[in-house]
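Dear colleague,

Please find the structure we discussed handed over below. My notes on it follow directly after.

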Amino acid sequence: MGDILFLAHRVPFPPDRGDKIRAYNILRYLSERSRVHLIAFADDPADLKRKSGLAKLTGNRQIVWRSKSQAVAGIQSILSGRPVSLTAFDNAEVHRAVAEMLARHAIDRIYVFSSQMAQYVPPRARQRVVMDFVDMDSAKFASYGTSSGGFTGWMMRREARLLAAYEKAVAGSVHASLFVSEAEAALFRERTGAERVQAVGNGIDTRMFDPGAQFKRIDTMGELIVFTGQMDYRPNIEGVTWFVETILPHIRLRHPAARFAIVGRKPTDAVHALAKHPGVTVTGEVADVRPWLHAASVVVAPLKLARGVQNKILEAMAMARPVVASAAAATGIDHGGTIEVGETVGEIADAVNRILADPVTATAFGAVARQRVIDHYSWDARLSALDDILGLGNGRGGGRSARSAAA
């Protein structure tokens, strides 16, 4: 059995945001079964220095700095007729790295993480190629296009159209197309007619995300509502803005001391501005989200637009916290009624108010949510389908001896 080439649009370490968490755990799973070589982009200077976490999982690896600006990518997109999603990640150094890796090593499988990286797979590749789309990005841009006007709206609709055609073409050329939830997989089948499409869901590390684990505690600060996420990501920005401006006032009428903490790295100016509202705190990046989740009376995920499975919800459930999520954010999660789901301002506010008013029931609700995650969302159970998809058999440990010869 030959080696695996893993292509990722972002360095899959450290696993501290949604896409990196999924990529890291898939890389870890594959490395236990075969020798894996990694080629990935870095968009954070710190990621260029964090190699120890990858050394134990990979044979050869090449990390390339992604320096192309969005403006340049946009111009290239217009001139070439390609999606911005592709021109932004089109890089000559990565093309060379892929060609050299395939020439130097006995690679018979290629795992492509995120559609931006499919452009690096050779035409008519002899290897078995698996495309992990994660989410249907074209659907996301289509949603943006309907809610944006002017040139921005035109670009979003253009991106949705071009990317949808590209996604369909890629799906037709690979051994399998993967999505993070059956809802995303079904949407892709419906819109593209593609075959060999299936869901491989996200998992959660329930030993790390455990209220009894070792981590620094913080003061409970009374009635604390928490949101976690990457705070330069548009759906997160829109979600917390909606919550602060329209939902939180209804909650504070019933619970005047309630506070809302927005916890996540790279908050934009718009997110920082939310701290001007009564009871709102914007933390920025934190070393560990677990203390904030542990201190939360309730965790909210009020996303209007959400694709795939929200790790933030699974993490909160694993920490035994009661969760209130929008219908969009809850889609794709097999929660079995262990989280509260609301569609409207009133439904979400009422659910949060009920939880804050009854801490004893809220604690029991959180415990049931944690058990649901333990029963249904371990990473190894979620990723076991990759054995058949990639033809890995049942072998374990082959990657360990191979990694000892890493370059």
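A residue is called buried here when its relative accessible area is under 20%. The model is a predicted one. By that cut-off, strand β9 (residues 259-263) is mostly covered, with four of its five residues buried. Strand β9 pairs with strand β8 (residues 224-228) in the parallel sense, and five bridges join the two. Within this pairing, Ala261 of β9 has Val226 opposite it.

The second finding concerns two helices. In general, a packed pair of helices is described by the angle between the axes and the distance separating them. Helix α6 (residues 137-147) packs against helix α7 (residues 150-173) at an angle of about 160°, and their axes lie 8 Å apart. Angles over 145 degrees count as roughly antiparallel, and α6 and α7 are therefore roughly antiparallel to each other. Their crossing is left-handed. On the α6 side, the contact is made by Asp137, Ser138, Phe141, Ala142, Tyr144 and Gly145. On the α7 side, the residues include Met156, Arg157, Glu159, Leu163 and Glu167. Sorted by class, the contact of α6 with α7 comprises seven nonpolar, three polar and four charged residues.

Finally, a note on one residue. Glu347 belongs to helix α14 (residues 345-357). Is Glu347 buried, exposed or partly exposed? Its relative accessibility is 40%, so Glu347 counts as partly exposed. Glu347 and Val324 are separated by 23 residues in sequence, and their C-alpha atoms are 9.7 Å apart in space.

With kind regards

Terms used:
Residues are numbered from 1 along each chain as its sequence is written. This is a predicted model: local features need pLDDT of at least 70, side-chain atom pairs count only at pLDDT 80 or more; totals for chains, interfaces and linings use all residues. Side-chain values use heavy atoms; hydrogens and water are left out. Buried means under 20% relative accessible area, exposed over 50%, partly exposed in between (1.4 Å probe, protein chains only). Axes are lines fitted to C-alpha atoms, for helices over the stretch in contact, and angles run from 0 to 180 degrees between N-to-C directions. Angles under 35 degrees count as roughly parallel, over 145 as roughly antiparallel, 65 to 115 as roughly perpendicular and the rest as oblique. A crossing is left-handed if the near helix is turned anticlockwise from the far one by less than a right angle, and right-handed if clockwise. Contact means heavy atoms within 4.5 Å. Ala, Val, Leu, Ile, Met, Phe, Trp, Tyr, Cys and Pro count as nonpolar, Asp, Glu, Lys and Arg as charged, and the others, Gly among them, as polar. Two strands pair if DSSP finds at least two bridges between them.
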